[in-house]
Number of protein chains: 2
Amino acid sequence: MLNNFILRGNICYSKSAQHLDIIEQGYLICEAGVSRGVFKELPEKYKGLEIRDFKNNIIIPGLVDLHVHAPQFSFRSLGMDMELLEWLETNAFPEEAKFKNTSYAEEAYGLFVDDLVKGATTRASIFATIHPEATQVLAKQLEKAGIKSYVGKLNMDRNSPEILCEDSAMRSAADTRFWLEETLAAGYEHVKPILTPRFTPSCSDELMDYLSELQREYHVPLQSHLSENYSEIEWVRQLCPESKCYGDAYDRFGLFGSQEPVIMAHCVHSSEYETALMKERGVMIAHCPNSNTNVMSGIAPVRFYMDAGLSVGLGSDVAGGFTTSIFRAMSDTIRMSKMRWRLVDDSLKPLTIEEAFYLATRGGGAFFGKVGSFEEGYEFDAVVLDDDNIASTLKPCIKQRLERLIYLADDRNVRHKYAGGVQVL
Amino acid sequence: MLNNFILRGNICYSKSAQHLDIIEQGYLICEAGVSRGVFKELPEKYKGLEIRDFKNNIIIPGLVDLHVHAPQFSFRSLGMDMELLEWLETNAFPEEAKFKNTSYAEEAYGLFVDDLVKGATTRASIFATIHPEATQVLAKQLEKAGIKSYVGKLNMDRNSPEILCEDSAMRSAADTRFWLEETLAAGYEHVKPILTPRFTPSCSDELMDYLSELQREYHVPLQSHLSENYSEIEWVRQLCPESKCYGDAYDRFGLFGSQEPVIMAHCVHSSEYETALMKERGVMIAHCPNSNTNVMSGIAPVRFYMDAGLSVGLGSDVAGGFTTSIFRAMSDTIRMSKMRWRLVDDSLKPLTIEEAFYLATRGGGAFFGKVGSFEEGYEFDAVVLDDDNIASTLKPCIKQRLERLIYLADDRNVRHKYAGGVQVL
């Protein structure tokens with residue numbers, strides 16, 4: 001029997017956004033890559049399975065990164081003294097253009113994937129570039145590493161620099177079809193394709209029509225950007241005067257959740273109308289507080305979205321964000337919600353530890369199926385955390401140790417990692 | 001000859017808030033604990049000195065932490081879901097009360113000092129507790145470690161829990177005198193005493209009078225808190241109805257810079273009047289963005305203070321802040337100034353890399369004398385940074401490598417450290 005074993009340790013997972021379940025010295029059962037639940041006492045029927053005893057370590061579900069640009073990894077933490085549109089022209093586009101060269105892609109994506117493996121992320125939805133070959137390079141590396149991921153070849157046929165603009169909507173669609181076929185034919189176990197129109201300004205109506213057709217044919221999900229920055233939103237208003245909101249510019253083509261699931265990154269400045277449309281379409285919001293701070297977009301009203309019943313998870317948004325760490329995304333989520341409460345709207349309470357942890361695991365995990373918890377039937381993504389290097393005279397409880405890790409953890413604290421029952425680290 | 005040597009590497013230091021000087025493969029001369037300047041070519045007269053060649057590493061002035069609570073180190077990153085006054089009652093006061101026990105102080109301060117040594121900080125102005133013995137324990141540990149520091153025994157004679165309240169103003173003053181005498185008699189090379197009334201709410205007028213007398217007698221500087229949180233400011237207004245502003249409640253006793261230099265931490269919500277008074281009195285502001293976010297105080301208008309010619313440096317404010325890292329204080333300074341620009345006042349431009357670096361070195365260093373730069377005559381505080389673990393395909397220039405470290409550095413990047421010409425790490 002493959003992938004059947006038991007992890008022992010201090011187990012933490014979300015039952016809901018408000019309820020964090022903690023089992024001290026519990027047993028977490030993995031059978032065929034799926035969780036069979038967490039037990040305080042080991043049930044008789046599992047007593048034959050190998051027990052991997054991590055003693056006083058903390059075991060949590062793998063973290064989920066709903067939004068990350070793999071080709072931007074090399075310039076993370078550089079050149080962040082500008083807003084979105086200038087930042088794209090100055091930093092993102094020139095670097096992404098290099099991925100026409102697949103040997104450059106091999107090297108650069110290798111560094112990104114290495115970094116992802118060392119951290120606590122087990123699931124990611126990833127933007128590549130417009131280049132089908134380089135995107136395949138990334139997919140192969142993720143497959144080999146065992147990171148469960150959606151990977152998207154980008155679409156860009158307008159308002160993009162010549163070095164990073166596809167020749168025509170038809171050419172962009174043809175490349176996307178080629179890439180989809182090749183990705184599906186590769187028979188990856190861990191990697192799936194996701195349609196990725198960069199954002200409305202870089203995709204013509206004709207291209208959106210093609211993508212809608214491809215989505216109906218291939219039944220693949222979609223990821224893009226939404227209402228991140230004031231200038232961007234105004235630009236979309238000018239480009240799509242007939243759209244009732246930025247989201248509607250996707251929705252008119254069936255690309256806002258009416259056909260297949262979608263992730264929309266940011267939603268910092270979504271209108272009431274757009275918020276209602278996201279709820280109706282079941283859009284998954286990727287909240288990216290690190291990036292939203294660095295490129296000065298603002299602070300998304302996450303509490304409002306959660307209270308309104310929308311789906312939310314977290315994204316690192318490297319390299320608008322400067323780190324792939326979803327621990328950092330959690331602490332930034334809490335801290336920025338505090339600043340929003342203080343400076344913008346004190347009717348929206350800051351997020352709690354429980355809520356940030358939920359968003360980073362079960363919240364975003366929902367996009368991948370039954371992912372992000374240890375309840376019976378969930379895919380077995382687990383991270384073993386060692387916090388011995390966090391010096392203190394106190395004897396904090398498990399909840400406090402988890403809280404501390406959310407603020408202080410780095411890859412030194414990640415001891416082991418499993419994705420779908422397979423050990424990745 | 002003691003402490004005479006040369007460091008070689010890529011040398012960065014501030015000439016002013018706007019001007020960062022970078023000398024690739026330069027020579028930094030240390031003579032008798034003082035910098036003799038940075039040279040692209042090694043001057044003839046220094047050719048006999050030992051050269052410590054750090055090749056491609058980056059060498060910067062030691063970082064300065066203007067505000068940190070040593071006894072709070074053990075609960076950093078815990079219990080931050082509350083505002084200042086509740087947070088003090090719940091987290092800070094019970095932990096600080098433990099320092100009545102000097103063996104607890106030995107252990108807890110040991111962890112704090114170890115952490116400080118591993119990081120890039122060479123100078124710190126530190127709050128201890130009300131306990132003279134424990135404060136001496138801390139001073140001895142800092143002295144042994146070679147961290148150049150001001151250490152303050154706290155004064156608290158009102159509005160404090162019984163376990164952490166001095167019996168009377170007279171007793172608080174007597175303990176402070178005893179501690180001052182003992183500290184001065186110890187003949188520390190690296191550690192100096194600093195008067196530390198916790199904040200106005202915890203110090204009676206009678207106690208402030210005693211402290212003023214002590215200051216005139218001993219000529220020691222002073223550190224305290226100012227205008228951090230709305231409820232705190234309102235409380236001070238009620239306690240001191242005759243004061244024109246919170247700062248005036250110190251100034252009335254000569255404790256706001258008119259007698260000796262002072263550091264005031266936070267200044268998040270200082271009025272125009274208070275700002276003018278700080279400028280007039282030469283008050284050094286300790287900006288603590290990590291803490292101001294965690295305990296939801298707000299974002300201080302650092303750009304305004306700098307433009308107005310006030311003195312500003314950075315503080316970690318552990319454990320309102322969750323890390324002693326002044327790199328983190330720099331990146332939080334930049335990021336929070338961006339949020340203030342976006343959400344509060346777009347007339348105050350976000351801070352630049354140069355400005356944040358200046359605040360963390362020369363800005364705060366000014367409180368210690370000629371500290372925080374490598375210009376001729378500055379005390380020789382230097383940190384050697386190795387950024388080889390920051391993977392990238394790019395070949396960033398030195399300025400970019402420094403920028404990257406401001407966002408990504410942790411103690412793994414700190415290779416060596418010198419304070420006053422003495423190697424500390």
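**View 1. An open sheet of four strands in chain B of the predicted model.** In this predicted model, chain B contains an open sheet whose four strands follow the order β11-β12-β13-β14, with parallel pairing. The edges of this sheet are formed by β11 (222–226) and β14 (311–314) of chain B, each of which pairs on one side only. From one strand to the next, the twist averages 30°. Within the sheet, strand β12 (residues 262–266) of chain B runs parallel to strand β13 (residues 284–287) of chain B, and three bridges join the two.

View 2. Strand β15 (residues 382–385) of chain A and strand β16 (residues 414–419) of chain A run antiparallel and are joined by four bridges. Together β16(A) and β17(A) make a hairpin that has two residues between its strands, and in the turn Gly420(A) has a positive phi of about 55°.

**View 3. The interface of chain A and chain B.** The contact between the two chains takes 55 residues from chain A and 54 residues from chain B. The size of an interface is often given as the accessible area lost when the parts come together. Between chain A and chain B the buried area is about 4,600 Å², and carbon and sulfur atoms give 58% of it. Of the area that chain A buries against chain B, Arg335(A), Arg342(A) and Thr393(A) supply 14%, which is more than any other three residues.

**View 4. Polar pairs across the interface, and the elements of chain A that take part.** Ten salt bridges are found across the interface of chain A and chain B, and one of them links Asp411(B) with Arg412(A), where the closest N and O atoms are 2.8 Å apart. The count of residue pairs in polar contact between chain A and chain B is 26. On the side of chain A that touches chain B, the elements giving two or more residues are α2 (102–118), α9 (289–294), α11 (326–343) and α13 (398–408) of chain A. The element that gives the most to this side is α11(A), with ten residues. By residue type, the side of chain A that touches chain B divides into 27 nonpolar, twelve polar and 16 charged residues.

**View 5. Backbone details in loops of both chains.** In chain A, Val318(A) and Ala319(A) are joined by a cis peptide bond with an omega of about 10°, and Ala319(A) lies in the loop between β14 (311–314) and α11 of chain A. In chain B, a cis peptide bond with an omega of about 10° joins Val318(B) and Ala319(B), with Ala319(B) placed in the loop between β14 and α11 (326–343) of chain B. Another loop of chain B, between α9 (289–294) and α10 (302–307), holds Met296(B), which has a positive phi of about 60° although it is not a glycine.

Note on methods. Residues are numbered from 1 along each chain as its sequence is written. Chains are lettered from A and ligands numbered from 1 in the order in which they are written. This is a predicted model: local features need pLDDT of at least 70, side-chain atom pairs count only at pLDDT 80 or more; totals for chains, interfaces and linings use all residues. Side-chain values use heavy atoms; hydrogens and water are left out. Two strands pair if DSSP finds at least two bridges between them. Axes are lines fitted to C-alpha atoms, for helices over the stretch in contact, and angles run from 0 to 180 degrees between N-to-C directions. Contact means heavy atoms within 4.5 Å. Buried area is the accessible area (1.4 Å probe) that two parts lose on being put together, summed over both. A salt bridge is a side-chain nitrogen of Lys or Arg within 4 Å of a carboxyl oxygen of Asp or Glu. A polar contact is a pair of N or O atoms within 3.5 Å; within protein, one must be able to donate a hydrogen and the other to accept it, and residues adjacent in sequence count only if both atoms are side-chain atoms. Ala, Val, Leu, Ile, Met, Phe, Trp, Tyr, Cys and Pro count as nonpolar, Asp, Glu, Lys and Arg as charged, and the others, Gly among them, as polar.
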